[in-house]
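Let's take a walk through this one together. Have a look at the picture first, and then we'll go through it piece by piece.

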Amino acid sequence: MSAEDSSDVRCPRCGEHAAPGARFCENCGTSLGAPGPDAGAPSEVTLELAPTVVDPDPATGDASNQRACAACGGVIAPDGYCADCGTPGQSERDHFEERPAAWVAGVCDRGVRHARNEDAMALAAGGSFAALVVCDGVSSAPDSDVASLAASRAARDVLVAYGPQGSSTVQGATSRRVTGWTDAMVAASRAAGQAVRGAAEQLAATKGKDVTDDPPSCTFVAAVVDGDLIVAGWLGDSRVYWLPDAGPAEQLSVDDSWAQEMIAAGVPRAQAETSPQAHAITRWLGPDAPDTDARCAATVPSGPGWLLVCSDGLWNYCSDAESMGELVRRYATSDDPHSTAAALVRWANAQGGRDNITAALARVSPTVTGQR
Amino acid sequence: MAEFSAEVFQNEFLSDGATDVHAVVSVTCTGAGAGAAAGTAGPAGPAAGGVAEIVAVDTSGSMQGRNMEAAKHAAAVAVDQIPDGTLFAIVGGSHVATRIFPYPNARVPMVAMEPGARAEAKRAIGTMSASGGTAISTWLRLADELFATVQVPNKHLILLTDGKNESEPSAHLDQMIANVTGRFQCDARGVGDRWVVEELRKISTALLGTVDLIARPEDIAEDFAALVRKSVSRGVAAVDLRVWAPQGSQVLFVRQVAPEVDDLTSRRTEVNPLTGAYPTGAWADETREYHVAVRVPAKPVGSEQLAARVQVAVGDEVAASGLVKAKWSDDSTLTARISPEVAHYTGQAELASAIQEGLAAKAAGDEATATVKLGRAVQLAAETGNDEATSRLRKIVDVENEEEGTVRLKRNTAKLDEMALDTASTKTTRVRRA
């Protein structure tokens with residue numbers, strides 16, 4: 001992932017600059033070499049999905065397998081398209097939603113341009129505790145959709161083990177819990193890294209090739225709400241934002257990316273984020289990852305607000321924290337994180353949907369934080 | 001039982017920002033004739049008992065002579081072709097309409113065909129004589145009254161005239177056509193060269209039938225026989241083409257393009273806010289093709305969108321459906337292609353209007369417009385391989401350059417040749433599929 005490479009490979013379809021050695025376009029997923037067996041097609045190996053939360057029909061209370069349209073909320077007809085707006089219905093891997101509690105929900109969507117959804121998300125919540133994990137598969141490596149899903153679930157399960165119902169609950173005063181959750185976050189990212197490696201080995205064995213040959217990889221970002229405390233952990237450029245109803249919005253994570261390094265070196269944000277190498281990440285999860293320890297940050301909110309965990313498919317259209325705060329407030333017509341996350345994904349698709357989009361939200365409020 | 005299938009031909013790829021989606025939907029019905037021929041009447045069964053036939057023959061003074069004798073013979077032949085069990089009646093039309101058979105004093109307005117009725121009907125037809133004027137609205141009204149007394153799904157009128165509708169204001173006829181639309185189907189035939197193509201076309205178009213010219217009286221019988229055979233083979237009544245288009249879109253047109261051009265757009269009735277139904281009448285074992293155009297809001301490159309669901313509905317049951325899609329792409333090799341079916345039928349529909357507009361201009365003495373329109377028609381007929389249209393056009397114009405569509409109007413053309421070109425203008429050739 002060296003930014004020094006002088007070869008200028010561009011995607012034949014969309015003209016995006018390709019990372020050296022990349023087999024697929026990071027922008028639109030087009031195969032950059034001779035079309036391989038993986039080009040555009042779903043992976044042969046998929047992991048079981050946890051049951052997706054389906055909205056019960058308000059009239060009948062029926063939460064049958066009638067699927068909702070990701071674009072307009074209408075019903076997907078038996079012919080596979082929305083009965084109202086004609087948008088194609090998506091597979092469960094292409095579009096899924098989770099809502100572990102009334103105040104925690106997320107939507108993970110393929111977007112418009114990519115042939116498959118390499119983003120993944122895993123959420124858990126109970127009482128005043130929530131864990132939100134988002135992993136963004138690197139499109140230039142095949143099977144990253146499998147890797148990202150395995151990673152996000154492994155990390156969520158570790159975080160739940162440190163939660164109030166878990167085996168090694170983080171407890172004590174706020175400062176002690178910050179330390180505890182930082183350790184938990186590193187344990188979660190390591191477990192996620194292991195899961196990616198495991199998935200990669202399994203896939204390599206299935207395909208009869210070496211695990212180091214173009215292995216799948218993904219980013220990692222997680223946030224934990226523990227009563228009055230929020231702790232974020234990350235590798236790569238998926239993000240955590242804290243967006244309070246009053247007061248300045250902030251991005252808790254700091255991208256591990258070429259763009260961020262340039263910003264740190266003094267290049268203006270807008271210029272750095274639109275450069276061809278902006279999306280080259282400097283840390284990731286995968287068999288070829290030099291280290292898998294999440295970097296962490298914590299905050300103690302002073303009032304109610306939205307905790308947003310998202311992939312670059314969303315923040316590419318709305319990068320800085322203040323703009324993101326305005327965007328979320330515009331679409332948060334109620335305190336319902338599910339409808340707000342769905343609206344954010346629709347918005348990103350309307351902007352072009354150039355990448356997979358994941359938006360996971362927790363509505364953190366004094367009543368929730370005060371329960372502890 | 002009859003089965004329908006629908007096949008969609010289109011190029012689903014749209015360039016960035018494009019909004020108009022075109023598709024040709026080919027609808028095929030099979031198994032309709034079997035039920036019709038079986039003659040077992042059932043409530044919904046396509047049986048001989050499911051069809052009612054009325055033959056309305058012009059008995060105005062102008063029919064006197066060969067035409068009247070030929071029409072009487074044709075009506076008798078039609079009676080021979082009507083299968084036993086089929087409800088029927090014969091109407092004579094002048095400035096008033098008269099029920100010829102069942103006799104005016106009979107208590108039932110329509111009777112089921114059987115050998116005795118057949119012999120008696122022919123005797124009644126033999127007594128018809130020519131006198132009076134022509135008011136076709138009265139013929140349609142009587143047919144409508146007779147059909148109203150029977151409960152069968154397929155009601156079919158054959159209407160024959162030799163002259164202009166001269167005994168009433170044209171508004172009368174227009175009003176009557178509007179009144180009876182949807183109640184029965186009508187094939188209209190003109191014999192000789194003194195009738196007006198546009199008048200009969202109004203009737204047959206609204207009543208989901210055909211219009212044709214019978215140049216020689218001796219050919220009427222064969223044509224009537226074919227019309228009756230075709231009508232009783234239509235085992236499926238009241239078929240609608242339904243077109244669903246997504247929220248925020250607009251159906252630009254729905255046009256039957258084969259076997260004949262027939263614009264259905266204005267005949268839409270709403271099934272629900274997103275779906276319109278277009279009546280197509282009764283079906284035999286046959287294939288009809290439809291050109292559907294929908295305007296959808298443009299979506300980002302890479303998006304896919306269903307632009308239309310085209311369904312065949314028999315009553316309230318959807319019997320077949322086809323999906324018309326839109327996929328936005330920035331690959332011009334994909335988006336530049338035009339579906340051969342769409343191109344072919346776009347040309348054929350333009351051919352029909354070029355012929356009709358050209359002939360109308362010629363009749364109005366506007367030779368410049370006529371020359372341009374008929375020249376374009378010659379060009380389109382050649383491009384789309386419509387040899388029949390080409391040979392009919394060559395009787396009206398001298399072709400200088402077929403490829404460029406340059407022609408000269410012929411002097412002293414036969415009226416019959418112009419009428420033949422006009423009535424045949426809507427007949428299309430099917431696209432050749434590789």
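This is a predicted model: local features need pLDDT of at least 70, side-chain atom pairs count only at pLDDT 80 or more; totals for chains, interfaces and linings use all residues.

A strand here is a DSSP run of E with at least two residues, and strands are numbered from the N terminus.

You'll find B:L208 in the loop of chain B between α6 (197-206) and β10 (211-214). Is B:L208 buried or exposed? It has 22 other C-beta atoms within 10 Å, so B:L208 is buried.

While we're looking at the backbone of chain B, there are cis peptide bonds to point out. One runs from B:F101 to B:P102, with omega near -10°. B:P102 belongs to the loop that links β6 (97-101) and β7 (111-112) of chain B. Another cis bond joins B:A258 to B:P259, and here omega is near 5°. B:P259 is in the loop between β12 (250-258) and β13 (262-263) of that chain.

Now for the helices. Two packed helices are described by the angle between their axes and the distance between the axes. Take helix α2 (residues 66-81) and helix α7 (residues 220-232), both of chain B: they pack at an angle of about 30°, and their axes are 8 Å apart. Angles under 35 degrees count as roughly parallel, so that is how α2(B) and α7(B) lie to each other. Their crossing is right-handed. Who touches whom? On the α2(B) side are B:A70, B:A71, B:H73, B:A74, B:V77, B:A78 and B:Q81, and they meet B:I220, B:A221, B:F224, B:A225, B:V228 and B:R229 of α7(B). Sorted by class, the residues of this contact are ten nonpolar, two polar and one charged.

Further along chain B, helix α9 (residues 340-363) meets helix α12 (residues 415-424): the axes come within 9 Å and cross at roughly 145°. This crossing is left-handed. From α9(B), the residues involved are B:I355, B:Q356 and B:L359, which meet B:E418, B:L421 and B:D422 in α12(B). That contact has three nonpolar, one polar and two charged residues.

Time to turn to chain A. It has eight helices and 13 strands, and 53% of its 372 residues are buried. Of the contacts in chain A with a separation of 6 or more, 64% are between residues 24 or more positions apart. An unreviewed UniProt entry annotates residues 104-364 of chain A as "domain: PPM-type phosphatase". Over those residues, chain A is 36% helix and 24% strand, and the end C-alpha atoms are 9 Å apart.

Finally, how do the chains meet? In all, 13 residues of chain A are in contact with twelve residues of chain B. On the chain A side, the touching residues divide into five nonpolar, four polar and four charged.

Notes. Residues are numbered from 1 along each chain as its sequence is written. Chains are lettered from A and ligands numbered from 1 in the order in which they are written. Axes are lines fitted to C-alpha atoms, for helices over the stretch in contact, and angles run from 0 to 180 degrees between N-to-C directions. Helices (H or I, at least four residues) and strands (E, at least two) are DSSP runs, numbered from the N terminus. Angles under 35 degrees count as roughly parallel, over 145 as roughly antiparallel, 65 to 115 as roughly perpendicular and the rest as oblique. A crossing is left-handed if the near helix is turned anticlockwise from the far one by less than a right angle, and right-handed if clockwise. Two residues are in contact if their C-beta atoms, placed from the backbone, lie within 7 Å. Ala, Val, Leu, Ile, Met, Phe, Trp, Tyr, Cys and Pro count as nonpolar, Asp, Glu, Lys and Arg as charged, and the others, Gly among them, as polar. UniProt positions are given in the numbering used here, feature names are shortened, and annotations may be inferred rather than shown by experiment. A residue is buried if 20 or more other C-beta atoms lie within 10 Å of its own, exposed if 12 or fewer, and partly exposed in between; C-beta atoms are placed from the backbone.
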